Amino acid sequence: MHHKSFFFTGLFCLLFPFVLFAQQHGESPRPKIGLVLSGGGAKGIAHVGVIKAMEEAGLRPDYIVGTSMGAVIGGLYAIGYNADELESIVLKADWDLIVSNRVSFNTIAFEEKEYYNRYVFELPVIKGKIAVPAGLIEGQKLTETLHYYTWPSIQYQDFDAFPIPFRCVTTDLKTGKGIVIESGYLADALRSSIAIPSAFTPFELDSTLVVDGGVVNNFPVDVAQDMGADIIIGVNVGEEDFLDPKELDSFSSILMQIAMASSYRKLSTNISGCDIYIKPDLKDYNTASFSSFKEILQLGHQAGEENFPVFKQLADSLDSHRKSAGIGLGVQPVRISNISITGNRLFSDELIRSKLGISPKDTVTREDVQSGVDRVFGVNGFRKVDYNLKPDGAGEYELFLKAKEKHNTILRGAFHYDNLFSAGILLNLTVRDLLGKPSRTVGILDVSQNPKFRLDHYKYLGSNKKFALNLRYNYLFQQIPEYEDGVRQDLFLNRETHIGANILTTHSLKQSFWFGGFYERSRAQSSFNISIPSEIRGAYYTYMGVRFMHTRNSLNDRNYPTKGAETIFEGLFRAYSDYRIKLRPGVDTLTLGQGGETVKIPKEVLDETLEGITPSGFVSLYFNYVKYFPINDHFQVSPTIAMGLTLSGQGDDYSYSEFTLGGYQRVDFNDTPIWGLNYAELTAENFGKLGVNFQWLPTKKLYLRMGTNLLGHGYHSPLGDGDGVDFDEFFEDRLIWGYGIDLTLDSFLGPITGGLSSNAKDGVIRPYLSIGFSFNYSDR
């Protein structure tokens, strides 16, 4: 921590000319104070603590100049936020999202949630060839955050009109020269200054590509001098000189040292230009230490407190005790006069306007605009969606939406492993406008011992694009063990084909309604001929019918939720059912054991026998609800409830489709995880589940979960017999109390989960291990 030891002597020499001038002219010109805030990435959060001490001393700068993170903090202070408000902004920010290429899961369009943020790599395909991505962060969430908090500045075009005149520095990527920004749209200026090379993409500022101002002038004291500052307070959270080459332990650090060479060369001159020079003690942190924002903020307060006597002495000598009342975190709405959209080629203006949900002559808040931009970006076809608000001279504002689309063909991939389905590689090819405009077609292939394949096509419909046609084909091959009291007895080889055509609503980020038809066909056979007689080559089940579904999802993450809820209600009417059994070659009689007796069914009457247990039509109803209640930042409570009912007026001698129960993962959205059972260990025509989970985050990326659930299950009860559904059956011999614990690491491969569970009925411990993102609906 430093400030100049000769400060008080220097202050006298500095102020003497102003005193002499006042004596000669009878006036009292007060020397102007300039505050210079350096760049430094996450370390720039410390600036807030120094500003807090200045305010407490009654010292308010006349000019503010900043670079990179210093520009962000300085720019917000210049438009009127006080130190307490700045600290509130820092503490509320989701820094993990801000410095990533992601946005919150609950801002993704409903039709895209299934595929969002579930892959390790994403590569553009250009003219049939896989290309190398830029590898940089576009910063959608960073841009949104800057827009949100700079909203009070949209009334200004000149930064000299701010409550405190402001400048920030950026770098022209073409010439390598610095640009001092003194007017324009503040959010764009700040984004320009914080475009850190090797981290964030260059920013287009008035048709000029720019990068972080720290490349040419990370501590712009000279800019404050040019503005007319007489006394300069400089806060430097960056380096004071070139790093020792031996300390450059990564390729990125080498590039950064080279990139900032010109900035380092003028650094000593700028430091010597400070009247008060402050260097917070941040040696244990670096530019990427955003997860330590609270600790860095505290070190900023410490630096401010240590320099408080200096600030107070200066304020007293100038007879300056100005306080900042702040502007509050609430802002006034504005009226939109016109909307312009640029940068879109694949996505029509109509689709973007529909998602935006804002029309000319609407009065909107900044929350309205941010939500609209979220809905547009949530289509998952954009690298970035930016905007400007410009006064039109008539008291209204023009909204300029700037889109940067992804390539129309994207290849994504991931690796996965679990102790049920083994290892595999997941590939996703997404193509925009392959079959009509606007549309999206996805092909997914799971290359593994349990191969799976999907074709999923969406075509937006209607003038407002608030509906979509979804055509989907699914093929799944799954080797699913057959259990008895938790012990594996047999292995079923299931081949399933699902074809669906649905109309769904797409206007909401949180919910969607679906209606359509479906075709399902599955083939099951036994590996060891234990559960299925050896004479059977395969059992075939075919269903056709109509489907209605309402799903609502406000979870903040698919695999690592800490708040929000998910609700699924599905109703299926299976109008057509067909059961078939194929015998092995040379077999003309099927032998079954039934009630201790042997029953022989000749091949010629096998189809007729199956017709006797094939229902002519029945309804399946499924409901699932889970909610996360955050108790604090590290602990959540999550109650769950699920129910499945099979309704039919036919007798209980018929065989009906069953619900899949057990396990940790959800291969399909209507699978129901159950503590104490392996995946698909139990299937039932009717079931009910009540449970509660407790989740603790000992660190930011680690999730410890403990839970318990009560499961009741039973057979179909005919509605025609006057008794309705027999819920008492659930609580006779078919009640299972399960419990378990698991630990999940949020890794670059995806969730890595290890868990143990059991139940009070058999007491068998069931282990589970999974790594990475899979074909499943969710992996945890």
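Where is Lys361 found? Lys361 sits in the loop between helix H14 (349-356) and strand E12 (363-364). The notes below concern a predicted model.

1. Backbone at Lys361. Although Lys361 is not a glycine, its phi is positive, at about 80 degrees. Most residues other than glycine have a negative phi. Lys361 counts as partly exposed, because its relative accessibility is 46%.

2. Backbone at Asp206. Another residue other than glycine with a positive phi is Asp206, where the value is near 50 degrees. Asp206 belongs to the loop between strand E7 (203-205) and strand E8 (208-212). With 68% relative accessibility, Asp206 counts as exposed, the cut-off for that class being over 50%.

3. Cis peptide. The bond joining Lys437 and Pro438 is cis, with omega at about -15 degrees. Most peptide bonds are trans. Pro438 is placed in the loop between E16 and E17.

4. Nonpolar surface patch. Val120, Phe121, Phe415, Ile425, Leu427, Leu445, Val447 and Phe748 make up a nonpolar patch on the surface, and together they have about 700 Å² of accessible area. Strand E16 (422-432) and strand E17 (439-448) are the elements that give two or more residues to this patch. The loop that holds Pro438 runs between these two strands, E16 and E17. Val120, also in the patch, lies in the loop between helix H5 (95-98) and strand E3 (121-126). Val120 counts as partly exposed because its relative accessibility is 36%.

5. Helix H3. What is the setting of helix H3 (residues 69-78)? The helix is largely enclosed by the rest of the structure, because 10 of its 10 residues are buried. Among the buried residues of H3 are Met69, Val72, Ile73, Leu76 and Tyr77. Gly80 follows H3 and has a positive phi, near 125 degrees.

6. Charges over rings. Tyr77 of H3 is buried, and the charged end of Arg60 sits over its ring, 6.0 Å from the centre. At another site, Lys113 lies over the face of Phe105, and the distance to the ring centre is 4.6 Å.

7. Aromatic pairs. How many aromatic pairs does a search of the whole structure find? The count is 22. In the pair of Tyr156 and Phe162, the ring centres are 5.3 Å apart and the planes are at 65 degrees, so the pair is edge-to-face; the cut-off for this class is over 60 degrees. Tyr156 and Phe162 are both buried. One aromatic cluster is formed by Tyr541, Tyr543, Tyr579, Phe618 and Tyr656.

Technical notes:
Residues numbered from 1 in each chain as written. Predicted model: local features only at pLDDT ≥ 70, side-chain atom pairs only at ≥ 80, totals over all residues. Heavy atoms only, no water. Patch = residues over 30% accessible without salt bridge, like charges linked within 9 Å, V, L, I, M, F, W, Y side chains within 5 Å. Areas by Shrake-Rupley, 256 points an atom, 1.4 Å probe, with all protein chains shown as cover. Salt bridge = Lys/Arg side-chain N within 4 Å of Asp/Glu carboxyl O. Helix = DSSP H or I, 4+ residues; strand = E, 2+ residues; numbered from the N terminus. Buried < 20%, exposed > 50% of the residue type's maximum accessible area, 1.4 Å probe, protein only. Phe/Tyr/Trp six-rings, centres within 6.5 Å; stacked < 30°, edge-to-face > 60°. Lys NZ or Arg CZ within 6 Å of the ring centre and 35° of its normal.
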